[in-house]
Amino acid sequence: MVDRLRKNATHRAWCHKNKEKVNSINDTWRKNNPDKVKAKDKRYRDTNQEKINSGMRERRKRLFQEILDHYGHACQVCGSTTNPCIDHIGGHLEGPKNGPSLWAWLKNGNFPPGFRTLCRDHNTLDGLIRADKYFGVKGLGISGIDSLVRIIELLKNK
Ligand SMILES: [Zn+2]
């Protein structure tokens, strides 16, 4: 037992000193054993699901904070900081529609203009009230919120 421990320690020290050699051996083994690698990866995923999920949740949370740091933490209509969302000003034109894929797209694109922070209520309202789409009224401005204000004015004058 003591002998085996000593052997392991010697082996570990050798590996530590020869990292490049070890990496190259491992790379070659992975290349030559794709089925074993696949099975091993699957075993890891199956036994570490919670660890993988919580890691992903943390990375998404950090990414969303970065996005809010750039576009603002408060809703640009009411100033609320509860349930912030990223809104495509003027409706969805490019990039992923929402969620982590949109956040990653924004970050990779170095925070393009045409996006803003809205609270969930105002984002929903903005999405629902698309003047061009639902009222057939053109030229009401690019935002659904702006359009809503304009529609209310138009209805008042009818
Ligand atoms: Zn709001």
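The following exercises, with worked solutions, concern the structure shown above.

The model is predicted: local features need pLDDT of at least 70, side-chain atom pairs count only at pLDDT 80 or more, and totals for chains, interfaces and linings use all residues. Residues are numbered from 1 along each chain as its sequence is written.

**Exercise 1.** State how many helices and strands the protein has, and give their order.

*Solution.* Helices (H or I, at least four residues) and strands (E, at least two) are DSSP runs, numbered from the N terminus. The protein has 8 helices and 2 strands. From the N terminus on, their order is α-α-α-α-β-α-β-α-α-α.

**Exercise 2.** Describe how helices H4 and H5 pack.

*Solution.* Step 1: H4 spans residues 49-71 and H5 residues 99-108; their axes (lines fitted to C-alpha atoms over the stretch in contact) are 10 Å apart, at an angle of about 55°. Angles run from 0 to 180 degrees between N-to-C directions.

Step 1: Arg60, Leu63, Phe64, Glu66 and Ile67 in H4 meet Pro100, Trp103, Ala104, Leu106 and Lys107 in H5, where contact requires C-beta atoms, placed from the backbone, within 7 Å.

**Exercise 3.** Identify the residues that Leu106 touches.

*Solution.* Leaving aside residues up to four places away in sequence, Leu106 touches Ile67, Phe111, Pro112 and Phe115.

How values were computed
Contact = placed C-beta atoms within 7 Å.
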